[in-house]
Amino acid sequence: MKAKQFKLNVGYSLLAVVVIIMALLPVIGVRWYVLHVLFVFFVYLALANMWNLLAGYSGLVSLGQPAFMGIAGYTVAMLLWFYNIPLYLATLAACVVATLFAAILSIPLFRMRGLYFSIGTLLLNEICRVWFNWWRPIPVPGAPVGGGAGFGIVSGLSPTSLYYLALAVGIVSILLMRFILKSKLGAGLMAIRDNEKAAATCGINVFRCKLYSFLIATFFTGLASCVFYFFQGHIEPKGAFSITWLNVMLMAVIIGGISTEEGPIVGTAIVVLLEQILPGYAQYSPLILGILLVIVITVTPPGIIGLLRKTRTYDTLLRYLSSTRTKSGDK
Amino acid sequence: MISESLIPPIINGILLGGLYAVIGLGLSLVFGVMKMVNLAHGAFVIFGSYMGLVLLTVLGLDPIIAIVLIAPTLFVVGYIAQKFLINRAYRLGAEPSLLITYGISIILANLFQQIFSPYFKSLVTPYAIEGLKIGPYSIPLIYVLDFIASFIAMLVLHWLLNRTYVGLSIRCASQDPVAAKLMGMRIDHVYALTLGISLFFASIAGVFLGLTFPFNPASSFTYLFIAFGVVVIGGLGSMAGTFIGGIVLGLSQTLGSYFLGVGLQTFAGFIVIFIMLAIRPQGIFGVKE
């Protein structure tokens, strides 16, 4: 059940059609509100996909992704604020810095096993928040910079280009998942997740596989976070290292269906619907999501997609989407 | 050669450690018995604080007396939560139970926010602001009360686990769940009792916390980390370890504040926890599994 994959020709072309439609939306002049919702959707989708790679496929239930997002956001903010580096170079640098940060931290973090890893990563958010709340890099007289006030981020991007950026990040995250899962790394990761000792016995380098997936996930989480902060135009510690980010990833993946490729897409759609479409009730959305999460775990642990997969219609749909040429689609 | 000005932070740190120990007590119990991380622990601690607030403002009940009402309520809440929600996830493994407690903590924190607003509240009583003069030093009376309460809570839990039938069954379930089941124990019931007892002590911690510091819905995560710290530093399954863990954490915060400044007070504590997690996750007194 786990690896019923989209080996698609039909699927890829469907994705291509969706991308083209999405790309045309600003051109035909859709309301900015719709674009804004889609922007949030794609950023969240990238975050959810990367969390799914960690928790669903690598057995690393990392609760510390907000810390890496914040590090990337802060790096880009400071590069732009103090050094005036070109935007795309700064973004790349921010992702690299976040990844390096993750690489250094992986030394102590990977010593922590199972639940201890989750606690350690959860602690990272709080450590970063306290640190950035206190830290004032260069005192600028009169201007509140650093510390609790945070930084402004002047990206100079138009709303349309922000939307395209988010679209690109979201689609790349889907393709990346596909690519990783098809690769040797993906097979190794799934073997580790199912039984770490058996995988190690079969000659899989457990540490390296986990490290790679951790670093890849951090890089793209950082990228998505940069795109988000270009939109927000401001970063401060309380929001940057907030547990809210964790909510987005966790809820989207668990409610949609962990360890599935379609799950995060469905889950993200639900999260975004609850957060953006219920304008008057936005303050209730975390509450509703929390209740949904508890219901999903107690009633149908594999998530909505897991529930759907038991039905025949979905099976037929999947078989239709899988091209006839592949033989090993279903397991 | 301890400098004179170092003495107050050390005394405060040790006394504060008592409060931290009782915050971590319930988490340690659940972690030790079920090998489950209860991410909602902090939220339940704050639950106790808010109940104290309601009883204080509506009925004018002194928070320390109100524990008689608060702690049994939280016991029931814990029992129900474990029996009907967490046990279902617990059967699936460690990660689903971790995630379901995360969901519960989000639900609780947002409920508190809707009901009590996100602003800081505190349990204001006449004795909460009193100072106690010992020689040249003045220490807050409430810190001393925290320490005494924590000591009593430890003794009660120790008695409960080692001298009662319930304690015996909890220890059995923790040592070998399969064998316990084969002997005809209702293991779901025992787990539910465990979480109930854990929340019983969490709510006591919550009341004393509310008397000592202001709290808001977001505090549930701050105190979750404190509880983790106590468990991680002290180690599992040892009452003395939990006590020492609390004191180490309390000292690292007050001394961190003394040496690094107030802004980095919690930072020092978190770094100590993080290093401890990496080097010796079973804690100072814990036994490696």
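How many residues does the contact take from chain A and from chain B? The contact takes 39 residues from chain A and 40 residues from chain B. Before I go on: this is a predicted model.

Let me stay with that interface. The area buried between chain A and chain B is about 3,600 Å². Carbon and sulfur atoms give 83% of that buried area. Now the polar side. Between chain A and chain B, the salt-bridge count is zero. Polar contact is there, in two residue pairs, both at pLDDT 80 or more.

Which elements give two or more residues to the side of chain A that touches chain B? There are helix H4 (87–109) and helix H5 (115–134). Then come helix H11 (243–256) and helix H13 (285–299), also of chain A. H5(A) gives the most to that side, with 13 residues. Keep H5(A) in view. We will come back to it.

Now chain A as a whole. Chain A has 331 residues, and buried ones make up 55% of them. It has 15 helices and two strands. Take the contacts in chain A between residues at least 6 apart in sequence. Of those contacts, 79% join residues at least 24 apart. Chain A exposes about 14,300 Å², and carbon and sulfur atoms supply 70% of that.

Next, salt bridges. I will walk through some of them.

Start in H5(A). The side chains of Arg129(A) and Glu126(A) meet in a salt bridge, at 2.8 Å from N to O. Both residues lie in helix H5 of chain A, three residues apart, which is about one turn of the helix. Is Glu126(A) buried or exposed? Glu126(A) counts as buried, because its relative accessibility is 9%. Arg129(A) is at 22% relative accessibility, so Arg129(A) counts as partly exposed.

Next pair: Glu261(A) and Arg178(A). Their side chains meet in a salt bridge at 3.0 Å, N to O. This pair links distant parts of the chain, 83 residues apart. Glu261(A) sits in the loop between H11 and helix H12 (263–277) of chain A, and Arg178(A) sits in helix H6 of chain A. Glu261(A) and Arg178(A) are both buried.

One more pair. Glu196(A) forms a salt bridge with Lys210(A), and the closest N and O atoms are 3.2 Å apart. Glu196(A) lies in helix H8 (residues 196–201) and Lys210(A) in helix H9 (residues 206–232) of chain A, so the pair ties together parts 14 residues apart in sequence. Glu196(A) counts as partly exposed because its relative accessibility is 32%. Lys210(A) is at 12%, so Lys210(A) counts as buried.

Why does Asn125(A) count as buried? Because its relative accessibility is 2%, and the cut-off for buried is under 20%. What lies 3.1 Å from a polar atom of the Asn125(A) side chain? The backbone nitrogen of Ala67(A) does. Leave out residues up to four places away in sequence, and Asn125(A) touches Leu63(A), Gly64(A), Pro66(A), Ala67(A) and Phe241(A).

Which residues make a nonpolar surface patch of about 500 Å²? Ile20(A), Leu24(A), Val27(A), Ile28(A) and Tyr164(A) make this patch. Tyr164(A) is found in helix H6 (residues 159–182) of chain A. Tyr164(A) counts as partly exposed, because its relative accessibility is 30%.

Last stop, chain B. Val144(B) lies in helix H5 (residues 141–163) of chain B. Val144(B) has a relative accessible area of 19%, so Val144(B) is buried. Leave aside its neighbours within four places in sequence. Val144(B) is then in contact with Leu15(B), Leu132(B) and Ile139(B). How far apart are the C-alpha atoms of Val144(B) and Ile14(B)? They are separated by 9.8 Å, and the two residues are 130 residues apart along the chain.

To wrap up, one look back at the interface. About 3,600 Å² is buried between chain A and chain B, with zero salt bridges between the two chains. On the side of chain A that touches chain B, H5(A) gives the most.

How values were computed. Residues numbered from 1 in each chain as written. Chains lettered and ligands numbered in written order. Heavy atoms only, no water. Patch = residues over 30% accessible without salt bridge, like charges linked within 9 Å, V, L, I, M, F, W, Y side chains within 5 Å. Areas by Shrake-Rupley, 256 points an atom, 1.4 Å probe, with all protein chains shown as cover. Salt bridge = Lys/Arg side-chain N within 4 Å of Asp/Glu carboxyl O. Helix = DSSP H or I, 4+ residues; strand = E, 2+ residues; numbered from the N terminus. Buried < 20%, exposed > 50% of the residue type's maximum accessible area, 1.4 Å probe, protein only. Contact = heavy atoms within 4.5 Å. Buried area = accessible area lost by both parts, 1.4 Å probe. Polar contact = N/O pair within 3.5 Å; in protein donor to acceptor, adjacent residues only side chain to side chain.
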